[in-house]
Amino acid sequence: MLLHIPDVLSAAQVAQARAQLDTADWADGRVTAGHQSAKAKDNAQLPEGSPVARELGAMVLEALSRNSTFFSAALPKRIYPPLFNRYSGGQSFGYHVDNAVRYDRSLGGAEPVRTDLSATLFLSAPEEYDGGELIIEDTFGTQSVKLPAGHLVLYPGSSLHRVTPVTRGTRVASFFWMQSMLRDDGHRRLMFQMDVAIRRLTQDVPEHPALVQLTGVYHNLLREWAEV
């Protein structure tokens, strides 16, 4: 499932992030790439231990915690701390698949995070740069994604994907991975569709007795499939 989630960050939050990122100390983006993907990766990235990365990452996580669409679609068990990258001057990232497991050292240990889902949160407006499309290939076909600043795309971590060369301006984004309570993408899609339907019925016919039954089915399926 590929999902566009609008307005994860407000315009004010995007402006705050950009002001800090524009003066931050960037490093070679290959520091977080696996052996194969490092050959295809050409961008800049904030070091994971950067105070700016930690502050803005906390802002992103707090915004996600209040976003019901994100929670419904991802059913997150663990989220890898958000990272930040920048493309300009023809930089790109060739086709690759994200590492299956990342190790979150933010709490002083080395907690494994299975990358069931990948996310890109755009921090540059589309008119600020040419190129820089996120191309994602999966069972849903090939999708080209270039979203407004503050919007997020969520997609399976197993997808083959790339970022096309940025030929004008600068593309700035946050990216991260998450382990879902539901390992199977098909199960996540079904649960998201059911949750959307329940919320719509709750608005349209809030007293309908079938709502209790449908909500029960939702939670019983979650109880059956969730890894917690």
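How does D130 count at 33% relative accessibility: buried, partly exposed or exposed? D130 comes out as partly exposed (buried is under 20% relative accessible area, exposed is over 50%, and partly exposed lies in between, with a 1.4 Å probe and protein chains only). The model is a predicted one, so local features need pLDDT of at least 70 and side-chain atom pairs count only at pLDDT 80 or more, while totals for chains, interfaces and linings use all residues. Residues are numbered from 1 along each chain as its sequence is written, and side-chain values use heavy atoms, with hydrogens and water left out.

D130 has a charged partner: its side chain meets that of R168 in a salt bridge at 2.9 Å, N to O (a side-chain nitrogen of Lys or Arg within 4 Å of a carboxyl oxygen of Asp or Glu). R168 sits in strand β16 (residues 166-180) and D130 in strand β11 (residues 129-131), so this contact ties together parts that are 38 residues apart in sequence. Helices (H or I, at least four residues) and strands (E, at least two) are DSSP runs, numbered from the N terminus. Like D130, R168 is partly exposed, at 38%.

Searching the whole structure turns up 11 salt bridges. One of them links R199 and D195 at 3.3 Å, N to O; these two are 4 residues apart in helix α5 (residues 185-204), so about one helical turn separates them. R199 is partly exposed at 31%, whereas D195 is buried at 16%. Another pair, E62 and R66, meets at 2.8 Å, N to O, with E62 partly exposed at 39% and R66 exposed at 54%.

Now for the strands. An open sheet holds 5 strands in the order β3-β7-β15-β12-β13, with antiparallel pairing (two strands pair if DSSP finds at least two bridges between them). Its edges are β3 (41-42) and β13, each pairing on one side only. Strand β12 (residues 134-138) pairs with β13 (residues 141-145) over 5 bridges, and a hairpin of 2 residues connects them. On to β15 (residues 160-163), β12 makes 4 bridges, again antiparallel. I135 takes part in both pairings: its bridge partner is S144 in β13 and R162 in β15. Strand β7 (residues 92-96) joins β15 through 2 bridges, also antiparallel, and here F93 stands opposite V163.
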